[in-house]
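Here is a protein pair to look over. Take a moment with the sequence and the 3D view, then read on.

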Amino acid sequence: MSTPAPVIETQGLTKRYGAFTAVDDLTLRIHAGEVFGLLGPNGSGKTTTILMLLGLTEPTSGTARVLGEDPARNPLAVKRRVGYLPDSVGFYDELTAVENLAYTARLNGLRGREADQRIDDVLDRMGLADVAHKPVGTFSRGMKQRLGLAEILLKQPQVAILDEPTAGLDPHAAHEFLDLIRGLRADGLTVLLSSHLLHQVQAVCDRVGLFNKGKMVLEGTVEDLARRVLGGAYRISVEVTGDDNLEAALAGLPGVVRVRRERPGLYTLDTQADMRGEVARRIATTRANLLGITITQPSLDEVYEKYFRVSAA
Amino acid sequence: MIRREGTPQREGSPWTGLWAVVVKEMADHLSSPRMRVLEGLILLTAIGTVYLAIQNIRQTIGEDPFLFLRLFTTATEPLNYSFVAFMGFLIPLTAIALGFDAINGEYNRRTLSRVLAQPIYRDALLLGKFLGALFTLTITLAGLWLLVTGLGIYRLGVIPSGEEVARSLLFLLATVAYAAIWLALAMMFSVRFRQPATSAMAAMAVWLFFAVFWDIIVRIVAGIVRPVQYGFGEEQLAQAQLQLALSRLSPNTLYAEMILAFLNPQVRALGPVLLTQLEGAILGTPLPLSQSLLLVWPQLTGLTAAVLILFAATYVNFQRQEVRA
């Protein structure tokens with residue numbers, strides 16, 4: 001059986017503004033039900049890519065396909081089935097949440113009782129039912145962001161595109177919002193999100209693409225990237241007392257990429273697999289006393305940092 | 001069909017969602033404090049001028065076949081301005097107030113990308129905003145027209161004739177066309193300038209230019225290009241004709257001429273008239289409506305054409321703009 005056609009597919013997608021290349025020869029495939037993260041610093045071409053996928057800006061060259069449609073040629077068909085939450089989304093401040101969504105509903109050709117029902121449902125789901133009839137001008141950043149997500153759900157799309165969804169949110173609101181994004185995946189939506197806050201989106205993305213200067217320089221799962229860039233995908237912290245000279249012993253284990261002594265009694269190991277058992281057994285052969293052993297996955301921040309330090313050098 | 005490679009044809013109607021935008025814009029305008037203030041201002045001046053006009057008409061004019069039209073054009077102490085003169089001043093102001101932040105306001109509220117991510121084209125947004133504001137103006141002006149007419153019937157005790165109604169309705173149409181040009185101009189600046197204050201100032205500057213300076217400039221230019229050196233009639237005629245042609249580049253002149261022809265049936269020509277042309281004419285007799293309409297048909301179409309040109313320029317400018325704020 002052949003794999004189903006990707007939901008989002010680009011082929012050599014390029015956007016130039018004069019001499020400046022915002023997006024450079026991007027080839028991307030996102031499959032149904034995936035949460036894909038476009039990650040990179042501000043100005044690296046993430047938003048331009050998104051606008052091209054929605055037909056809001058025309059590519060200089062290359063093609064894009066969203067749900068089988070060309071956004072440059074048939075943007076209405078794409079926008080009918082794709083929900084978009086722009087970077088720092090704005091609403092009509094003097095209108096209430098319900099009125100704002102009612103306008104969106106009408107623009108989507110929804111009206112009457114069905115529209116009212118859907119608006120109630122999505123506001124309820126986003127936890128905004130209490131403030132449904134308050135002017136949006138009184139909303140906090142996090143509430144506006146949730147209203148933006150409610151607007152996406154209103155049109156019952158197959159794809160949700162979120163641009164910097166957690167930027168400007170306090171940690172608690174950001175955490176809540178990430179939970180809502182997980183909810184979208186549970187509904188079977190394909191989600192494309194862009195962010196420069198790597199550690200926040202790391203937790204929700206199935207796959208990520210790292211952007212730099214208009215190019216997608218790395219792509220894969222977080223573990224994948226960590227293995228490729230850092231050499232090890234796992235990080236094991238070991239706390240011991242007694243014999244404090246274990247570097248050689250631990251480095252000798254097959255599968256250990258690197259050993260660092262952080263401070264007396266604390267070692268950090270980069271490994272290619274979860275090797276807590278082997279590490280513990282090895283320490284048991286020495287005279288040291290094992291106090292604790294924990295495993296953490298390296299963060300995307302580190303991957304990013306390392307990658308660009310290496311490529312800049 | 002010939003299609004250039006690399007420039008894909010759009011699919012789907014550009015008018016999808018147009019009425020949703022129109023309805024939203026009208027609801028916004030009709031409930032906005034900005035519009036309320038202007039409506040109050042217009043209402044006050046309308047009642048003031050028409051009330052004074054009624055008093056004047058009752059005192060002075062006994063027998064006038066177009067008594068009703070005098071309501072619009074009579075200027076009396078202490079205001080010294082007629083209803084139409086005030087409208088010529090307030091309507092550009094209102095139209096600019098409705099249009100100056102049409103597009104840049106959406107940018108600044110960061111709503112543009114969200115709205116354009118809905119299944120509509122930019123065409124629908126731009127035209128919807130224009131029509132929404134124009135319908136708002138039309139509703140206001142039609143309400144005003146009914147008010148003036150009602151006040152006239154009530155205070156004068158005279159029922160307007162069919163022709164008077166037709167003439168004042170044409171005056172209403174001319175006023176809407178005049179409002180449309182300032183609206184189109186304000187919207188053009190709202191696309192061109194990112195700051196609403198800048199676009200408002202630019203639109204007001206154009207209006208001020210035509211209202212105050214254009215006449216002076218026209219007189220100077222006509223005096224230089226077609227000087228009256230020897231005092232011949234030909235020289236004077238040539239200067240007057242050039243002056244008229246230049247002043248007609250201003251929408252204010254076009255509007256004033258339309259008012260003149262619609263509300264004063266006695267007016268039979270809008271430019272310099274030679275004595276030979278008046279041969280056989282009975283001076284002071286009113287023209288039939290069809291002839292008055294014929295007289296200012298070029299003005300009406302000219303004004304409409306100017307609206308279309310301004311809107312087209314706005315459209316091209318808006319289509320080329322980037323969505324991201």
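First, some housekeeping. This is a predicted model, in which local features need pLDDT of at least 70 and side-chain atom pairs count only at pLDDT 80 or more, while totals for chains, interfaces and linings use all residues. Residues are numbered from 1 along each chain as its sequence is written, chains are lettered from A and ligands numbered from 1 in the order in which they are written, and side-chain values use heavy atoms, with hydrogens and water left out.

**Chain B**

Chain B has 12 helices and zero strands. Helices here are DSSP runs of H or I with at least four residues, strands are runs of E with at least two, and both are numbered from the N terminus.

**Where the chains meet**

Together the two chains bury about 2,900 Å², and 54% of that is on carbon and sulfur atoms. Buried area is the accessible area (1.4 Å probe) that two parts lose on being put together, summed over both. On chain A's side, A:R73, A:Y92 and A:L107 supply 24% of the area buried against chain B, more than any other three residues.

The rule finds three salt bridges between chain A and chain B, each being a side-chain nitrogen of Lys or Arg within 4 Å of a carboxyl oxygen of Asp or Glu.

On a 1 Å grid over the protein atoms alone, a cavity is a set of points where a 1.4 Å probe fits but cannot get out, a pocket is an open set with protein on both sides within 12 Å along at least five of seven lines, and lining residues have an atom within 4 Å of a point. Grid points are joined across faces, edges and corners, and a volume is the space filled by probe spheres set on the points.

| Space | Volume | Lining by class |
|---|---|---|
| Largest pocket | about 440 Å³ | seven nonpolar, four polar, seven charged |
| Largest cavity | about 60 Å³ | eight nonpolar, one polar, no charged |
| Second largest cavity | about 50 Å³ | six nonpolar, two polar, one charged |

The largest pocket has 18 lining residues, and A:G55, A:L56, A:E58, B:R122 and B:Q319 lie nearest its centre.

The count of cavities of 30 Å³ or more comes to two. Residues lining the largest cavity include B:F72, B:F83 and B:W145, and α4 (83–99), α7 (122–156) and α8 (162–192) of chain B each supply at least two residues of that lining. The second largest cavity is lined by residues including B:F68, B:F72 and B:W145.

How values were computed: Nonpolar A, V, L, I, M, F, W, Y, C, P; charged D, E, K, R; others polar.
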